[in-house]
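This briefing covers a few local features of one chain, grouped by topic. The sequence and structure come first.

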Amino acid sequence: MTRPGLPKLIATDLDGTLVRSDDTVSAYTHGVLDRVRAAGIPVVGATGRGPRLTELTRNDIRAADFLVMAGGGRVVDQSDPTGPLVLRDERLPAEVLAGLLADLEAEVGPLTVMVEASDEHDAPLWGDYHESWPYQDRFEARSRAECLSCDVIKAFARTADHHVDELLAVARRIVPPQVATLTQAGLGFIEICPPGVDKATGLAVVAQSLGVDPADVLVFGDMPNDLPMFEWAGWSRVAVANAHPTLRAAADEVTLRNDDDGVAVYLNRLLSR
């Protein structure tokens, strides 16, 4: 339930929430976020994008004081006058990933697997080609052995025989949470992150650094990978109208679609009242 007054921290997902279907963020949205910061409320971009996409992310949410990236595994303080400060950097050990993929394939059959191994600017994902992956310009075909040759930021998996939500349910039954965090972000793949890594634990790092209580945090999202921060934040949880049904069910409020600048429209109304 929305609390009176203004929140002390605002966090928003990017793709499908703040970013429109044409991969742009409107000038109106940038302007409203600038007004949020001018009101003294820190802004956080909370995204599944890995650190290799930091520059793209900074461009999409220019007002962000903090970035929670890789679904919570990388947290960056951008407000430090000496330059960006990494507050959290988690990796999933290669041997752990190899074991859980073997267990999952024993249950569901062969998987299409990609890994995010590098945090260098615009580094490609490695792994199995799949025509449905929307970012082919940042992909490089690599063998499973190569993909498992180092610890990873996160991994992606899909199978032709299961809808992504069904595969996620199976994976969560097989893989204990102390082994890996499993979610999905609307790309047709489940996402496999280090244990204890999600947007809530990433935001908790930010909140602790600022001395903000979760009860004073407002969040926006659209997909199941936003559920942990919806469960964690207490000021209000707002879904965009195009959100996944599970997120809409967990939301306190629903704003307009991402293509209609739903986050900015909500924030403009909040600042104006």
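This is a predicted model: local features need pLDDT of at least 70, side-chain atom pairs count only at pLDDT 80 or more; totals for chains, interfaces and linings use all residues.

At 53% relative accessibility, Asp23 counts as exposed, because the cut-off for that class is over 50%.

**Residues with positive phi**

- Asp23 is not a glycine, yet has a positive phi of about 70°.
- The loop between S1 and H1 is where Asp23 is found.
- Asp122 is likewise not a glycine and has a positive phi, of about 60°.
- Asp122 belongs to the loop between strand S6 (112-116) and strand S7 (125-127).
- With a relative accessibility of 33%, Asp122 counts as partly exposed, because that class lies between the limits of 20% for buried and 50% for exposed.

**Nonpolar cores**

- The largest nonpolar core has 48 residues, and Leu218 and Leu267 are those with the most contacts inside it.
- Helix H9 (residues 262-272) supplies the largest share of this core, five residues.
- Leaving aside neighbours within four places in sequence, Leu218 is in contact with Pro7, Leu9, Ile10, Ala11, Trp235, Ser236, Val238, Tyr266, Leu267 and Leu270.
- Another core, of 25 residues, lies apart from the largest one, and includes Leu111, Leu168, Ala180 and Leu182.

- The buried residues of H9 are Gly262, Val263, Ala264, Tyr266, Leu267 and Leu270.
- Among these buried residues of H9, Tyr266, Leu267 and Leu270 are in contact with Leu218.
- Four strands and a helix are packed against by the buried residues of H9: strand S1 (9-12), strand S12 (217-221), strand S13 (236-240), strand S14 (253-255) and helix H1 (27-38).

**Packing of helices H3 and H5**

- Helix H3 (residues 94-108) and helix H5 (residues 164-174) have axes that come within 10 Å and cross at roughly 125°.
- The crossing of H3 and H5 is right-handed.
- On the H3 side, the contact is made by Asp103, Leu104, Glu107 and Val108.
- On the H5 side, Leu167, Val170, Ala171, Arg173 and Ile174 make the contact.
- Six of the residues in the contact of H3 with H5 are nonpolar, three are charged and none is polar.

Definitions and conventions:
Residues are numbered from 1 along each chain as its sequence is written. Side-chain values use heavy atoms; hydrogens and water are left out. Axes are lines fitted to C-alpha atoms, for helices over the stretch in contact, and angles run from 0 to 180 degrees between N-to-C directions. Helices (H or I, at least four residues) and strands (E, at least two) are DSSP runs, numbered from the N terminus. A crossing is left-handed if the near helix is turned anticlockwise from the far one by less than a right angle, and right-handed if clockwise. Contact means heavy atoms within 4.5 Å. Ala, Val, Leu, Ile, Met, Phe, Trp, Tyr, Cys and Pro count as nonpolar, Asp, Glu, Lys and Arg as charged, and the others, Gly among them, as polar. A nonpolar core is a set of buried Ala, Val, Leu, Ile, Met, Phe, Trp, Tyr and Cys residues joined through side-chain atoms within 4.5 Å. Buried means under 20% relative accessible area, exposed over 50%, partly exposed in between (1.4 Å probe, protein chains only).
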